[in-house]
Amino acid sequence: MDAIEERKVYRLVLTGGPCGGKTTGQSRLCTFFENLGWKVFRVPETATILLSGGIKFADLVAEEDRSKKKAHEPGTSAGTAAVSASSTSDATKPAVFKDGVPEHSVIDIDKITTCPRCMAAAVGKVGDVYKFQENLLRTMIQIENTYFELGRTSNKNCLIICDRGFMDASAYISKEKWDRMMRSNNWNPVELRDNRYNQIIHMVSAANGAEQFYATEEHSCRSEGVTLARELDYKAASAWIGHPYFDVIDNSTDFENKVNRMIECVCQKLGIDIGDRLSITSRKVKFLVSGPMPPDTSFPAFQDFEVVHHYLQCAGPRVQARLRKRGQNGRWSYIHTIRRPQQHGQSIEVRTQLSHRDYLNMLTQQDDAHFTIYKKRRCFLVNNQYFQMDIYKEPSHPRCKGLILLETYTSLTGDKLKAILPKFLNIVKEVTGQPDYSMFNLSLREDWNNTKKFCYSLHDQDDAEVKTNGHSQKMINGKA
């Protein structure tokens with residue numbers, strides 16, 4: 001029975017922009033985890049399934065044109081308004097299509113194509129195919145649920161790779177239509193974005209940082225094609241802003257290492273020891289931000305969340321356990337995290353998604369030596385980099401008053417790291433690894449000079465001994 005409880009079912013969405021390496025990455029990820037002894041399911045892209053059945057967008061557009069024709073005939077008030085609107089909107093609408101199709105490839109809109117990315121774009125660009133999008137999402141949910149259920153009944157650890165996910169559709173439909181679709185189907189986008197999948201990985205388009213590789217044997221690369229690809233890439237990434245475990249794999253390395261970084265990213269979230277098999281590593285970096293906060297208009301598209309952390313009692317001094325409640329618009333997700341010392345040079349941090357009931361049960365183990373931590377978390381994309389900014393709120397220890405910390409995962413260092421940071425924030429300094437900015441230490445009720453619980457590091461035995469022998473050498477605000 002214990003073996004069944006320990007089995008993992010991990011739901012991963014692999015998404016990305018045009019020519020980002022999603023297809024190759026999915027194949028490599030599948031092979032990697034199968035070699036580890038996992039069962040891997042690959043959920044096909046729903047658009048591909050539907051389009052291969054004979055759906056033609058030209059037919060959808062023609063049907064809608066026929067239904068609207070009478071309402072838009074000249075001489076009627078609706079027709080006059082339509083002509084007026086057309087004359088103004090056509091002049092200002094950006095020309096993202098050439099000959100009715102995305103620029104990056106050659107598509108015959110009257111024929112079935114094998115490029116689902118083009119079709120995903122066409123869904124939102126060619127005509128008003130609202131009902132098709134709605135049915136596509138209904139089909140996607142059912143197909144995914146089938147694979148999720150198969151994963152739960154597997155006798156092995158199971159990785160389920162979704163070729164794009166629910167929120168990807170929001171990139172190709174207007175916000176008004178998207179909101180109407182959510183309401184009419186009683187879909188909660190926060191729930192479907194944050195709790196349906198364990199992790200989202202976005203593979204950045206080669207058109208953004210590896211332009212010389214944005215070409216294939218079938219498709220020639222043109223400057224306007226690259227421009228459109230960048231637009232589609234940003235839309236696809238922005239659709240997932242706010243997911244608690246959203247990782248962006250950029251083009252800062254060659255393609256081989258890009259795929260390796262993607263695989264390593266999944267392994268890190270799962271707490272799997274991969275040794276030195278994947279050489280390029282990304283690390284979490286943390287920065288201290290000085291207030292006051294700039295106005296919301298200074299930020300790119302963002303999502304705000306209320307976050308609550310509770311530290312739990314642990315059996316050993318070098319293990320940390322905590323609960324996290326994260327919510328938006330009254331909808332919450334719950335995570336249990338255990339941090340352990342390094343093994344084979346890697347930090348071990350295991351996260352488990354909880355039900356509300358399990359969360360309440362585990363709250364009974366709360367450690368009274370720690371304050372509950374309250375934050376507002378703002379998530380946004382800048383320079384193809386996904387950032388989380390935590391703004392600490394009261395009640396808290398006075399040391400947390402006005403504290404703002406910015407985090408991201410990256411393999412960049414030095415000037416290259418500085419270049420990707422948000423210019424609209426007043427970043428004071430990098431504080432990665434500094435114990436003064438560890439949430440564990442920030443939440444301690446006792447003064448740091450009077451406590452034996454201050455944690456310098458989980459990973460170094462000398463540090464573990466020092467923390468029990470007084471605090472004369474402890475860093476306070478970055479100084480010894």
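Student: How many aromatic pairs does the count come to in this predicted model?

Tutor: The model is a predicted one. Two rings of Phe, Tyr or Trp pair if their centres lie within 6.5 Å. By this rule, the number of aromatic pairs comes to 15.

Student: Is the aromatic pair of Tyr 311 and Phe 440 stacked or edge-to-face?

Tutor: A pair of aromatic rings is described by the distance of the centres and the angle of the planes. For Tyr 311 and Phe 440 the centres are 5.3 Å apart, and the angle between the planes is 85 degrees. Planes over 60 degrees apart count as edge-to-face. The pair of Tyr 311 and Phe 440 is therefore edge-to-face.

Student: How many residues apart are Tyr 311 and Phe 440, and which parts of the chain do they link?

Tutor: Tyr 311 lies in strand β9 (residues 302-312), and Phe 440 lies in helix α14 (residues 439-442). Both Tyr 311 and Phe 440 are buried. The pair links distant parts of the chain, β9 and α14, with a separation of 129 residues.

Student: Which residues do ring pairs link into a cluster?

Tutor: Here the links are again pairs of rings. The cluster consists of Phe 299, Phe 302, Phe 380, Phe 387 and Phe 424.

Student: How do the residues of the contact of α2 with α11 divide into nonpolar, polar and charged?

Tutor: Among the residues of α2 in this contact are Arg 28, Leu 29 and Phe 32, while those of α11 include Glu 256, Val 259 and Ile 263. The residues of the contact divide into ten nonpolar, three polar and two charged.

Student: Is Pro 189 buried or partly exposed?

Tutor: Pro 189 has its place in helix α9 (residues 189-194). Its relative accessibility is 26%, and buried would require a value under 20%. Pro 189 therefore counts as partly exposed.

Student: Leaving aside its neighbours within four places in sequence, which residues is Pro 189 in contact with?

Tutor: One of these residues is Trp 178, eleven residues from Pro 189 along the chain. The C-alpha atoms of Pro 189 and Trp 178 are separated by 9.7 Å. With those sequence neighbours left aside, the contacts of Pro 189 are Met 167, Trp 178 and Met 182.

Definitions and conventions:
Residues numbered from 1 in each chain as written. Predicted model: local features only at pLDDT ≥ 70, side-chain atom pairs only at ≥ 80, totals over all residues. Heavy atoms only, no water. Contact = heavy atoms within 4.5 Å. Helix = DSSP H or I, 4+ residues; strand = E, 2+ residues; numbered from the N terminus. Nonpolar A, V, L, I, M, F, W, Y, C, P; charged D, E, K, R; others polar. Phe/Tyr/Trp six-rings, centres within 6.5 Å; stacked < 30°, edge-to-face > 60°. Buried < 20%, exposed > 50% of the residue type's maximum accessible area, 1.4 Å probe, protein only.
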